[in-house]
Amino acid sequence: MDKCQANKAIRCTVTQCANHCTTSDYCALDTITVGTHETNPTQCKCTDCESFCCK
């Protein structure tokens with residue numbers, strides 16, 4: 001996304017995502033969905049950004 005409208009409420013460092021603003025570490029989406037791949041998440045690494053779209 002070259003002309004990204006950075007959402008300053010959603011920081012993101014995943015540059016491989018199509019929604020990442022290339023000029024700053026923010027997401028361009030208005031909202032995101034956060035989910036988990038675990039039945040009982042106990043750590044940050046158990047959560048996922050389900051709004052991720054590969055570039």
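Are Cys-4 and Cys-21 buried or exposed? Both are buried, where buried means under 20% relative accessible area, exposed over 50% and partly exposed in between (1.4 Å probe, protein chains only).

A quick note on ground rules: this is a predicted model, with local features needing pLDDT of at least 70, side-chain atom pairs counting only at pLDDT 80 or more, and totals for chains, interfaces and linings using all residues. Residues are numbered from 1 along each chain as its sequence is written, and side-chain values use heavy atoms, with hydrogens and water left out.

Back to the cysteines. Cys-4 and Cys-21 form a disulfide, with 1.6 Å between their sulfur atoms; the term covers a pair of cysteine sulfur atoms within 2.5 Å. By that rule the count is one disulfide. Cys-4 lies in the segment before β1 (7-11) and Cys-21 in the loop between β1 and β2 (26-27), so the bond ties together parts 17 residues apart in sequence. Strands here are DSSP runs of E, at least two residues, numbered from the N terminus.

Cys-27 is in no disulfide, and Cys-44 has its closest cysteine sulfur too far away for a bond. Here's how they look:

What about the rings? Arg-11 lies over the face of Tyr-26, at 5.1 Å from the ring centre. To count, CZ of Arg (or NZ of Lys) must be within 6 Å of the ring centre and within 35 degrees of the ring normal.

How values were computed:
Helices (H or I, at least four residues) and strands (E, at least two) are DSSP runs, numbered from the N terminus.
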